[in-house]
Amino acid sequence: MGQRILVTRENKPGSVSVAGLMDRDWDKDLLLGMQTELTAFGFTSPRQFRERVLKGIEESQEDVWTWLPEWNQLRQEIISYSTTERE
């Protein structure tokens, strides 16, 4: 399995902040492929869309991992990995 990254609201050792995700290129190709649709939805660029999504996640009062089953699964894997690493 690839490198695991713990995403937190604040910078902590061994983690990356949600804002720090904006500096990564993992989503660049996907967002560029969506550029036409994003423009139709009123976004000026793929970067603006990504920033709005990440800001919404950061500012949400909800447990964001409940939004999508995949996010909850990712959360469970991170918890499981974190617990295993401490043993």
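R47 is partly exposed, with 40% relative accessible area (buried is under 20%, exposed over 50%, partly exposed in between, with a 1.4 Å probe and protein chains only). The model is a predicted one, in which local features need pLDDT of at least 70 and side-chain atom pairs count only at pLDDT 80 or more, while totals for chains, interfaces and linings use all residues. Residues are numbered from 1 along each chain as its sequence is written, and side-chain values use heavy atoms, with hydrogens and water left out.

The side chain of R47 meets that of E51 in a salt bridge, at 3.0 Å from N to O (a side-chain nitrogen of Lys or Arg within 4 Å of a carboxyl oxygen of Asp or Glu). E51 is also partly exposed, at 30% relative accessibility. Both residues belong to helix α3, which covers residues 46-59, and they are four residues apart, about one turn of the helix (helices are DSSP runs of H or I with at least four residues, strands runs of E with at least two, numbered from the N terminus). How many salt bridges does the structure hold? There are two. K55 and E59 form a salt bridge as well, with their closest N and O atoms 4.0 Å apart. K55 and E59 likewise lie in helix α3, with a spacing of four residues, or about one turn of the helix. K55 is partly exposed at 46% relative accessibility, whereas E59 counts as exposed at 51%.

## Aromatic pairs

A search of the whole structure gives two aromatic pairs (ring centres of Phe, Tyr or Trp, the last by its six-membered ring, within 6.5 Å; planes under 30 degrees apart are stacked, over 60 edge-to-face, the rest tilted). F43 and F49 make an edge-to-face pair, with 5.2 Å between the centres and 80° between the planes. F43 is buried, with a relative accessibility of 16%, while F49 is partly exposed at 23%.

W67 and W71 make a tilted pair, at 5.9 Å centre to centre and 40° between the planes. Each of these tryptophans is partly exposed: W67 has a relative accessibility of 36% and W71 one of 32%.

## Surface around W71

W71 is part of helix α4, residues 69-86. Together with W67 and L68, W71 forms a nonpolar surface patch of about 260 Å² accessible area. Patches take residues with over 30% relative accessible area and no salt bridge, joining like charges within 9 Å and nonpolar side chains (Val, Leu, Ile, Met, Phe, Trp, Tyr) within 5 Å.

Helix α1 spans residues 28-33 and contains D29. With 60% relative accessibility, D29 counts as exposed. D29 and P46 are 17 residues apart in sequence, and their C-alpha atoms are 9.9 Å apart in space.

T39 is placed in helix α2, residues 35-40. T39 is partly exposed, with a relative accessibility of 47%. T39 and F49 are 10 residues apart along the chain, with 9.5 Å between their C-alpha atoms.

## Overall figures

Which order do the elements follow from the N terminus on? They run β-β-α-α-α-α, and the protein has two strands and four helices. The chain has 87 residues, of which 22% count as buried.

The protein exposes about 7,000 Å², and carbon and sulfur atoms supply 54% of this area (Shrake-Rupley method, 1.4 Å probe; for residues, only the protein chains shown count as cover). Among contacts in the protein with a separation of 6 or more, 33% come from residues 24 or more positions apart (contact means heavy atoms within 4.5 Å).
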